[in-house]
Amino acid sequence: MNDDERYMSRALELAEQGRGRVEPNPVVGCVLVREGKVVAEGFHQEFGGPHAEVAALSAAGEHAAGATMYVTLEPCCHHGKTPPCTDAIVRAGIRRVVVALRDPNPVVAGKGIEALKRAGVVVRVGVLEEAARRVNAPYLKLITRGIPYVHAKWAMSLDGKIATVTRRSKWISSEESRKLAHELRGRMDAIIVGINTVFADDPLLMARPPGPRTPVRVVLDSFARLPLESQLIRTRDQSPVVVAVGPDAPEDRIRRLEEVGCECLRLSQRDLAVRALELLRCLGERRMTHVLVEGGAEVLGSFFRAGEVDEVHVFVAPKVLGGAAALTAVGGPGFAELHSAPRYEYDLVRRVGEDLYVHGRRAPQEA
């Protein structure tokens with residue numbers, strides 16, 4: 001690993017510290033190096049706050065002049081919630097800027113790099129580009145396709161069951177696994193479940209303790225059957241509840257849910273996989289970056305069939321439940337051929353309590 005890659009690797013580590021706090025902005029890290037020494041570091045800490053470049057420049061002060069800047073995403077060149085980073089870079093006297101990844105956002109899209117070059121700054125682009133693309137995959141998906149990055153989460157037994165033959169599922173996973181799942185919830189913009197999960201578990205779908213984000217609770221409910229006495233409705237003042245109804249949902253049921261403070265989102269598609277994509281487009285219009293699909297089996301199956309599950313978080317408990325009628329994690333018609341099944345790369349496999357936690361990302365050729 002050469003010097004440019006080493007300092008960029010550190011910038012990518014810094015970028016991760018903004019995860020869950022900056023969205024729908026990208027996570028960005030920045031390192032300033034002068035005469036072979038790191039003089040300052042920075043990262044984008046919160047939405048609306050200073051960008052990583054400005055944070056690093058502020059920390060460096062007069063030591064920024066003549067330095068090389070390593071930044072994980074192309075610096076912005078437009079006025080948004082903050083002034084252009086390119087202006088601050090030039091004003092500080094930065095000699096060279098190393099960029100991992102061009103920003104596909106149309107308001108930037110190469111313009112930041114060109115602005116720096118016109119000002120006489122030496123620019124190198126593409127150092128650890130694939131790693132930077134991986135770090136900012138959620139932002140890139142939202143910007144280029146207009147839909148959120150989808151996480152799927154479930155807990156299952158060794159034989160792949162998410163409930164017993166009598167539909168009992170509390171608790172398959174350990175307390176430690178559930179704690180990790182709550183941490184995951186706290187980084188999401190929305191948590192999505194189906195109405196059958198609400199009937200079976202009456203979930204709250206909140207992060208406990210709260211994380212950096214308060215997710216919207218979304219229920220896929222074709223016929224607007226969400227019970228008024230459910231915990232979701234009773235806690236609607238703590239976090240919004242969106243009921244995604246189908247084209248055949250009775251108007252009186254929709255009106256009943258709206259009267260108690262739910263938002264009813266009318267989806268037009270009957271096919272569940274197509275409807276899942278329709279829902280994602282609606283959430284993308286609201287600039288949601290990360291959404292978590294928690295089930296049940298039919299809902300998980302619809303998002304996998306839609307081809308939109310980007311990461312999986314699976315908790316495997318050391319139990320065997322058995323039973324041909326017991327639910328498996330991913331329902332629906334499934335995939336008829338092995339070659340058509342979506343494939344994931346293991347990113348992390350570790351023990352959590354008595355369980356195994358498996359985190360996978362969609363294989364690059366599949367994404």
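In which sense do strand 12 (residues 311-316) and strand 14 (residues 355-362) pair, and over how many bridges? Select both: the pairing is antiparallel, over six bridges. Strands here are DSSP runs (E, at least two residues) and helices are runs of H or I of at least four residues, numbered from the N terminus; two strands pair if DSSP finds at least two bridges between them. Look for His 313, which sits opposite His 359 in strand 14.

A quick note on the model: it is predicted, with local features needing pLDDT of at least 70 and side-chain atom pairs pLDDT 80 or more, while totals for chains, interfaces and linings use all residues. Numbering runs from 1 along each chain as its sequence is written, and side-chain values use heavy atoms, without hydrogens and water.

Now show the whole sheet: nine strands, open, mixed in pairing, in the order 10-9-8-7-11-6-12-14-13.

Next, pick helix 11 (residues 272-285) and helix 12 (residues 297-305), whose axes (lines fitted to C-alpha atoms over the stretch in contact, angles from 0 to 180 degrees between N-to-C directions) come within 8 Å and cross at roughly 80 degrees. That makes them roughly perpendicular (65 to 115 degrees). Contacting residues (heavy atoms within 4.5 Å) include Leu 272 and Leu 279 of helix 11 and Phe 303 of helix 12.

Last stop: Val 97. Among the residues that Val 97 touches, leaving out those up to four places away in sequence, are Met 69, Ile 89 and Leu 116.

Conventions:
Parallel < 35°, antiparallel > 145°, perpendicular 65-115°, else oblique.
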